[in-house]
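Look over the sequence and the structure before reading on.

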Amino acid sequence: IFIISCNNQCLYKGCIDFSFNPYYSCNYIIYNRQNIKKCENKIIISYYKEFLIMKYSTKLSDTVHVMVLIAINQEKSLSSASIAESVHTNPGFVRQLMLKLKKAELMTSVAGHARPSLSKPADQITLLDIYKAVEGEKPLLHLDTHTNPDCGVGINIQLSLQGFYNEIQKTAEEKMNTITLQDIINTYYQRTSMQNDLQNII
């Protein structure tokens, strides 16, 4: 069951294959994508992963996943299909991420050869480099631009938040710039070593 929208605002802007425009307000209940019925003041509920309402990007973590796989498997063939199996996604999505990495000059690959490689040592690639490669200038935090224009708070609260969001963005980027891909790889090896030690004890 999908319950869609609340107070003249479509909360789910990532929806597809439904009979309404996701960029305009709507108040619908959708049962199994069929039998659309009118409703009021409902909260979106989704029981399907692909239609989760609180949509957020995992491109950064998925791209780090891809780059770590490449870094620790330099002598092995890595097709987009094999990488996708590890990330638990589809090869097309992996190819999109890898293309962004190539454009950012963080990765090299040769068409027809399943042997991608990093363009520079892992300790020279920062988390900020990777974030900028796949997300561009997209901020970490987002303002709700669809608040009620007839409400004084609705008009001004988002703009009041903007300065604080900018400060958070600046601080986060400064920290991300101190974290390298090698740091992440080292932490990965530490975790796997601890897990192996625990298994040996058990």
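## Surface, core and helix packing

The accessible surface of the protein comes to about 13700 Å², and 53% of this area belongs to carbon and sulfur atoms. The model shown is a predicted one. Of the 202 residues in the protein, 31% are buried.

The protein has six helices and five strands. Read from the N terminus, the elements follow the order β-β-β-α-α-α-β-β-α-α-α. Contacts can also be sorted by how far apart the partners are in sequence. Among the contacts between residues at least 6 apart in sequence, 57% join residues at least 24 apart.

The next topic is the interior. In soluble globular proteins, nonpolar side chains tend to be buried together. The largest nonpolar core in this protein has 28 residues, and the members that touch the most other members are Met-67, Ile-83, Leu-118, Ile-130 and Leu-181. At least two residues of this core come from each of helix H1 (59-72), helix H2 (80-87), helix H3 (91-103), helix H4 (127-135) and helix H6 (181-201). H1 gives the most, with eight residues.

Which residues does Leu-118 contact, leaving aside its neighbours within four places in sequence? They are Met-67, Ile-70, Ala-71, Leu-106, Met-107, Ile-125 and Leu-181. Two of these partners, Met-67 and Leu-181, are also listed among the core members that touch the most others.

Two packed helices are described by the angle between their axes and the distance between the axes.

| Helix pair | Axes come within | Crossing angle |
|---|---|---|
| H1 and H2 | 10 Å | roughly 125° |
| H1 and H4 | 9 Å | roughly 115° |

H1 and H4 cross in a right-handed way. On the H1 side, this contact is made by Lys-59, Leu-60, Thr-63, Val-64 and Met-67, and on the H4 side by Leu-127, Ile-130, Tyr-131, Val-134 and Glu-135. Met-67 and Ile-130 in this contact are also among the core members that touch the most others.

For H1 and H2, the axes cross at roughly 125°, and the two helices are therefore oblique to each other. The crossing of H1 past H2 is right-handed. Here Asp-62, His-65, Val-66 and Leu-69 in H1 meet Ile-83, Ser-86 and Val-87 in H2. One of these H2 residues, Ile-83, is likewise listed among the core members with the most contacts to other members.

Note on methods:
Residues are numbered from 1 along each chain as its sequence is written. This is a predicted model: local features need pLDDT of at least 70, side-chain atom pairs count only at pLDDT 80 or more; totals for chains, interfaces and linings use all residues. Side-chain values use heavy atoms; hydrogens and water are left out. A nonpolar core is a set of buried Ala, Val, Leu, Ile, Met, Phe, Trp, Tyr and Cys residues joined through side-chain atoms within 4.5 Å. Buried means under 20% relative accessible area, exposed over 50%, partly exposed in between (1.4 Å probe, protein chains only). Helices (H or I, at least four residues) and strands (E, at least two) are DSSP runs, numbered from the N terminus. Contact means heavy atoms within 4.5 Å. Accessible areas come from the Shrake-Rupley method with a 1.4 Å probe; for residues, only the protein chains shown count as cover. Axes are lines fitted to C-alpha atoms, for helices over the stretch in contact, and angles run from 0 to 180 degrees between N-to-C directions. Angles under 35 degrees count as roughly parallel, over 145 as roughly antiparallel, 65 to 115 as roughly perpendicular and the rest as oblique. A crossing is left-handed if the near helix is turned anticlockwise from the far one by less than a right angle, and right-handed if clockwise.
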